[in-house]
Amino acid sequence: MSTDLPIAIVGGGLAAGTAVTALRDQGYAGPLVVFAAESHLPYERPPLSKGFLMGKDPAEKALVHDATWYREHDVDVRTGVLVTALDPDAHTLQAGGEEIAYRALLLATGAEPRRLALADRAGVSTTYLRTLDDSTALKEELRASRRIGIIGGGWIGLEVAAAAREAGAEVIVLEMAAQPLLGVLGEEVAQIFADLHRTHGVDLRTGVQVESIERTDSGTARIGLANKDAVEVDHLVVGVGVVPATELAEAAGIVVGNGIRTDAHLCTSAPDVYAAGDVANADHPVLGRAVRVEHWDTAIKHGKVAAANLLGGAEVADALPYFFTDQYDLGMEYVGNAGPDGFDRVEIVGDVPGLNFRVWWLRREELDGEERERVVAGMHVNDWDAIDEIRAKVGTLSPTS
Ligand SMILES: Cc1cc2nc3c(=O)[nH]c(=O)nc-3n(C[C@H](O)[C@H](O)[C@H](O)COP(=O)(O)OP(=O)(O)OC[C@H]3O[C@@H](n4cnc5c(N)ncnc54)[C@H](O)[C@@H]3O)c2cc1C
């Protein structure tokens, strides 16, 4: 493959932005083109449900780099341009009515919010929060005397709830499970998050099933629940998860399965095509299985590994998943991934009411006939010196206590 051809990157998120930076940092001076479907330069999404949504931070703060950086580093960023097809054998892609030949390609197409047909059919005022434009529009909805209904008590739903309460809006969260974040955190820690939101005035309803959504004559959304309760809100936020954006890869014959499948080097099944970030379901050498991680830190780590390998390297994406959130006065960092085997026990150490503690998720394992406990994940809340210890402990085995 000619080295005069560009390295091409599809996607305008953090994985794409990080890969571009790493390619130039690692000394690649050749042609580099980024196709970004959104009209913005590559940016980070965490502020969209936090600082930017709350009006504390400007949009520019979310950018990976400003326009000057791309100009100075000779990166051709084509915003508002969707890549519509790939031919991995021919090493070409179609974008903006042009056929572009590439030497190597990174797919960093991310993920898209899962739609809720009931809400779409009802035509009520709804946000699926994913983009800067979504967050800009949602910001207008969050103000005193507005009632905001949030379907889904996951990370996005809860962060929006916190931002909406800070803006003085009334907030109702409808969560199907018995507690918010139950699957990831388990009962004890999920309860801490439930209490936090209730203390801040959120009407958090758990174990509820949305059965109907109607637009009322006054334009509000009337949500009917399976238990026959109904709530009426001015604006709806749907946060029921995301689906990886795999259409382009799939149509090109690249192997997909819960995302674009890659090996630990982020190589896809197609020659010279890599995948990174939310869209990549990558073999994880430490966890011993494929994982697709929808977190900020993975987009960064993958972007760097993909850049090295686009240049002929053989780096492995072996970082343990890391996640953070900020809600009211709770800041937390979480490392690990309990995976399908889950955990048997949770240990909470510190001051829970004072919101300063560490949590360990432990799984029993038998080794040489002896029962041991493996730390499968760790987290701290507002204990900002804890992260090194957490990173060191996750994955380790100790005698059962
Ligand atoms: C509101 C919000 C808050 C979050 N908060 C946190 C947090 O606190 N902590 C945390 O760890 N994670 C958080 N995340 C998750 C984190 O933002 C994602 O993991 C990260 O954005 C993934 O980056 P990515 O580059 O893989 O994909 P994305 O950010 O999804 O970017 C993919 C981009 O590719 C573009 N694209 C797709 N297909 C094409 C195509 N065919 N042609 C051209 N362009 C295309 C898309 O338009 C999109 O802009 C949050 C996410 C959201 C939405």
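Mentor: Buried means under 20% relative accessible area, exposed over 50%, and partly exposed in between, with a 1.4 Å probe and protein chains only. Helices (H or I, at least four residues) and strands (E, at least two) are DSSP runs numbered from the N terminus. The model is predicted: local features need pLDDT of at least 70, side-chain atom pairs count only at pLDDT 80 or more, and totals for chains, interfaces and linings use all residues. Residues are numbered from 1 along each chain as its sequence is written, and side-chain values use heavy atoms, leaving out hydrogens and water.

Trainee: Which way do the side chains of E2 point?

Mentor: In a regular strand the side chains alternate between the two faces of the sheet. Here Leu32, Val34 and Ala36 point one way from E2, Val33 and Phe35 point the other way, and all are buried. Five of the five residues of strand E2 (residues 32–36) are buried, so E2 is largely enclosed by the rest of the structure.

Trainee: In what sense do E1 and E2 pair?

Mentor: Two strands pair if DSSP finds at least two bridges between them. Strand E1 (residues 7–10) runs parallel to E2, with four bridges, and Ile7 stands opposite Leu32. Four bridges also join E2 to the parallel strand E3 (residues 76–79), where Asp76 is opposite Val33.

Trainee: Through which helix does the chain cross from E2 to E3?

Mentor: The chain passes through helix H2 (residues 67–72), and this β-α-β crossover is right-handed; that is, with the strands pointing away from the viewer, the path from the first strand over the helix to the second runs clockwise.
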